[in-house]
Amino acid sequence: MNDEIISLAKQFRFNVLKNGDFAVGGELSNEDFLLELLRSEARFRDEKATAERLKQAQFPSFKGFDDFDTEFQKGVTRKQLQTLEKLDWLDALFNLILIGPPGTGKTHIALAIGNKAAREGFKVSFISMDNLIHVLKTAEISRKSQTRINWIKKCDLLIIDELGFLPVSRVEANKFFSLISELYEKTSVIITSNKGFDGWAELLGDAVLATALLDRLTHRCQILNLTGDSYRLVHRKNVF
């Protein structure tokens, strides 16, 4: 490819040309060639943006809707999962709270939604409650924590995993409440928890704060109660 074309492509950030490897088969008119070039550049930028959103989301693993066993977990139906998969509720700024004991599929559903949303163009952040508290507490002294908080506040969807596994102090509870209040009606929130709402007051150490928190989270919200045995324990694998 002409060196000047490559140089100009770099100047105007045309990714598919600057490496000199763009090519189309057959003879095309100028208009058709330009169309193919622009389509190729659009695909490249979409793929790059998707990869960046997935990186920023910090998902611990990939989970899909098709992998979820609704025969084992009766607390959610295939039709309900299909509704969640459409993601229309994210545009409407609905929240989702998944409650149940360990191993009942809460995190699986949250990750399936998050992975789908990130690939559909939504900005997503996945973080455990314990890690979120750490980030909130250190935001003023840690550039890494401040960067994470800034991303969370820009997100369309925040997924908070494992609320209730570890106790939080009064100061930590207040910081958490302040974040949820700031995101209220701006960002959809998914929370997975092993505690029902009646246990949140004890967890946060303040019944009034817990009530105010739930008031914001459940204003526009779907709640799923997942019950039964742990899928991991029932389907555990042995060495021999």
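Here are some notes on this predicted model, point by point.

1. **Ground rules.** Residues are numbered from 1 along each chain as its sequence is written, and side-chain values use heavy atoms, with hydrogens and water left out. As this is a predicted model, local features need pLDDT of at least 70 and side-chain atom pairs count only at pLDDT 80 or more, while totals for chains, interfaces and linings use all residues.

2. **The sheet.** Five strands form an open sheet with parallel pairing, in the order S2-S3-S4-S1-S5. Strands are DSSP runs of E with at least two residues, helices are runs of H or I with at least four, and both are numbered from the N terminus; two strands pair if DSSP finds at least two bridges between them. S2 and S5 (221–225) stand at the edges with a single partner strand each, so one side of each has no neighbour in the sheet. From one strand to the next the twist averages 10°, taken between axes fitted to C-alpha atoms, with angles from 0 to 180 degrees between N-to-C directions.

3. **S1 beside S5.** Strand S1 (residues 95–99) runs parallel to S5, and five bridges join them. If you want a place to look, Asn95 stands opposite Cys221 in S5.

4. **Helix H8.** H8 covers residues 143–154, which is 12 residues, and spans 17 Å from its first C-alpha to its last, close to the expected 16 Å; the expected span is 1.5 Å times one less than the number of residues. Ser145, Arg148, Ile149, Trp151 and Ile152 are buried in H8, where buried means under 20% relative accessible area, exposed over 50% and partly exposed in between (1.4 Å probe, protein chains only). Seen down the axis of H8, these buried residues fall within an arc of 160°, so they line one face of the helix; the arc is that of the directions from the helix axis to the C-beta atoms. On the other side of H8, Arg143 and Lys154 are exposed.

5. **The start of H8.** Here a side-chain oxygen of Ser142 comes to within 3.4 Å of the backbone nitrogen of Lys144.

6. **Two positive phi values.** Leu87 has phi near 70°, a positive value in a residue other than glycine. Leu87 sits in the loop between helix H4 (78–86) and helix H5 (88–91), and counts as buried at 3% relative accessibility. Glu185, also not a glycine, has a positive phi near 60°. The place of Glu185 is the loop between helix H9 (170–183) and strand S4 (188–193), and at 41% relative accessibility Glu185 counts as partly exposed.

7. **Aromatic pairs.** How many aromatic pairs does a search of the whole structure find? The search finds two, where rings of Phe, Tyr and Trp (its six-membered ring) pair if their centres lie within 6.5 Å, and planes under 30 degrees apart count as stacked, over 60 as edge-to-face and the rest as tilted. Phe59 and Phe126 have ring centres 6.4 Å apart and planes at 65°, so the pair is edge-to-face. This pair links distant parts of the chain, 67 residues apart: Phe59 in the loop between helix H3 (30–57) and H4, Phe126 in strand S2 (residues 124–128). Phe59 is buried at 16% relative accessible area, and Phe126 is buried at 7%.

8. **The other pair.** The rings of Phe197 and Trp200 have centres 5.3 Å apart and planes at 90°, so this pair is edge-to-face. Phe197 is partly exposed at 28% relative accessible area, whereas Trp200 counts as buried at 1% relative accessibility.

Definitions and conventions. A polar contact is a pair of N or O atoms within 3.5 Å; within protein, one must be able to donate a hydrogen and the other to accept it, and residues adjacent in sequence count only if both atoms are side-chain atoms.
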